[in-house]
Amino acid sequence: MNSFEKLSALSTIVVDSGDIEYVLKYQPEDATTNPSLIYKAASLPAYASLIPEAVKACQAANIPQKALLSTICDHLSVLVGKQIAAHIPGVISTEVDARLSYDTNACVKKARELIALYGSYGVSKDKVLIKLASTWEGIRAAEVLEKEGIRCNLTLLFSFAQARACADAGVTLISPFVGRITDWYKARQPEALEHSDPGVESVRNIYRFYKQHGYRTIVMGASFRTPEQVLALAGCDKLTVSPAVLQQLVESDLPVKRALEFSESVNEKPEKITESAFRWEHNSDPMAVEKLAEGIRLFAADQQKLEEMIAGYL
């Protein structure tokens with residue numbers, strides 16, 4: 001077996017792409033998308049008909065002009081998600097507009113709208129994870145949504161404080177960003193990479209903490225740069241991997257050994273992290289502060305590009 005097949009026996013593999021071609025090629029359990037991936041997917045021939053379909057649906061619904069572009073983007077994201085969901089046994093992750101990341105009520109409202117939209121296209125909410133940025137406000141929104149039966153994937157997660165708050169909120173899944181953490185240390189503190197990979201170690205610490213205290217939140221490593229980073233987390237609950245790195249794993253015969261497992265007794269859960277403690281701990285980590293803010297900016301920029309592209313169809 002190649003490295004991809006060996007890894008699949010230890011962790012659930014998720015494809016990180018909005019391109020149906022890669023979903024069909026790698027046959028993953030789940031798939032994840034984000035504004036950047038939807039923007040790229042919108043220009044693919046396989047989705048050529050989806051923008052006009054989304055535009056037509058919104059025009060027929062008489063959406064106010066002020067909300068028209070963002071609503072068409074929602075329809076497009078859901079239409080892409082619908083196509084992918086039809087070819088996977090698990091769930092598709094669809095992201096809330098990153099520009100809402102610091103507004104709990106707006107995140108909740110948008111998530112409900114996306115789930116309703118999926119329902120209107122015949123996709124059950126059980127097939128969908130709503131992606132939210134792991135800001136304090138995003139986590140609070142996820143807590144509300146989970147109680148309503150809307151499952152959430154908390155993304156752009158860089159600090160242990162974010163992971164603790166997500167577990168306390170009972171979110172379904174978190175996506176710690178391995179590669180982006182390591183990118184920061186390569187650029188700012190390269191000496192930290194001499195003996196270990198900070199991105200990999202971050203996920204290992206979170207995984208151990210969750211299992212030690214019996215949290216049910218799924219840990220899904222994300223944002224990988226190399227096959228080696230992925231294999232260093234073999235045994236993690238889930239791993240979402242880009243098509244480029246998946247292909248390297250398919251072509252690789254690197255040895256695969258379980259790197260994460262937990263067989264100890266489960267301890268009592270610690271007290272829930274307070275907002276003030278969360279903000280202090282998160283903001284004490286310059287990497288986490290910079291990468292969270294950067295991630296939100298980049299997703300927001302690609303959302304803006306997508307809206308500009310759609311404006312050309314109006």
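Helix α7 is followed by Gly149, whose phi is positive, near 85 degrees; helices here are DSSP runs of H or I with at least four residues and strands are runs of E with at least two, both numbered from the N terminus. The model is a predicted one, in which local features need pLDDT of at least 70 and side-chain atom pairs count only at pLDDT 80 or more, while totals for chains, interfaces and linings use all residues. Residues are numbered from 1 along each chain as its sequence is written, and side-chain values use heavy atoms, with hydrogens and water left out.

- Helix α7 covers residues 136-147, and its 12 residues should span 16 Å at 1.5 Å a residue, which agrees with the 17 Å between its end C-alpha atoms; the expected span is taken as 1.5 Å times one less than the number of residues.
- Of the 12 residues of α7, 10 are buried, so that the helix is mostly covered, where buried means under 20% relative accessible area, exposed means over 50% and partly exposed lies in between, with a 1.4 Å probe and protein chains only.
- Among the buried residues of α7 are Trp136, Arg140 and the glutamates Glu137, Glu143 and Glu146, and the elements that cover the buried residues include α6 (104-120), β4 (128-133), β5, α8 and α13 (275-283), contact being heavy atoms within 4.5 Å.
- Helix α8 is largely enclosed by the rest of the structure, because eight of its nine residues are buried, including Arg164, Cys166 and Asp168.
- The cover over the buried residues of α8 includes α7, β5, β6, α10 (198-212), α13 and α14 (286-311), and just after this helix Gly170 takes a positive phi of about 70 degrees.

**Strands around β3**

- Strand β3 (residues 92-95) points Ile92 and Thr94 one way and Ser93 and Glu95 the other way, and all of them are buried.
- Strand β2 (residues 30-32) pairs with β3 in the parallel sense over two bridges, and Thr32 has Ser93 of β3 as its bridge partner; strands count as paired if DSSP finds at least two bridges between them.
- β3 and β4 also run parallel, joined by four bridges, with Ser93 standing opposite Leu129 in β4.
- From β3 the chain crosses through α6 to β4 in a right-handed β-α-β crossover, which is to say that, with the strands pointing away from the viewer, the path from the first strand over the helix to the second runs clockwise.

- Most residues other than glycine have a negative phi.
- Leu156, placed in strand β5, has a positive phi near 50 degrees and counts as buried at 0% relative accessibility.
- Ser223, found in the loop between β7 (218-221) and α11 (227-231), has a positive phi of about 60 degrees although it is not a glycine, and at 11% relative accessibility Ser223 counts as buried.

**Aromatic rings and charges**

- The structure holds nine aromatic pairs, a pair being rings of Phe, Tyr or Trp (its six-membered ring) with centres within 6.5 Å, called stacked if the planes are under 30 degrees apart, edge-to-face if over 60 and tilted for the rest.
- Phe158 and Phe177 form an edge-to-face pair, 5.6 Å centre to centre with 70 degrees between the planes.
- Phe158 lies in the loop between β5 (152-157) and α8 (160-168) and Phe177 in the loop between β6 (173-176) and α9 (178-188), so the pair ties together parts that are 19 residues apart in sequence.
- Phe158 counts as buried at 2% relative accessibility, and Phe177 counts as buried at 7%.
- Trp184 and Tyr185 also form an edge-to-face pair, at 5.0 Å centre to centre and 80 degrees between the planes, and both residues are buried.
- One aromatic cluster is formed by Phe160, Phe209, Tyr210 and Tyr215, and the charged end of Lys269 sits over the ring of Tyr215, 5.3 Å from its centre.
- Arg140 lies over the face of Trp136, at 4.4 Å from the ring centre; a charge sits over a ring if NZ of Lys or CZ of Arg is within 6 Å of the ring centre and within 35 degrees of the ring normal.

**An exposed tryptophan**

- Trp280 lies in helix α13 and is exposed, with a relative accessible area of 66%.
- The C-alpha atoms of Trp280 and Ala169 are separated by 18 Å, and these residues are 111 residues apart along the chain.
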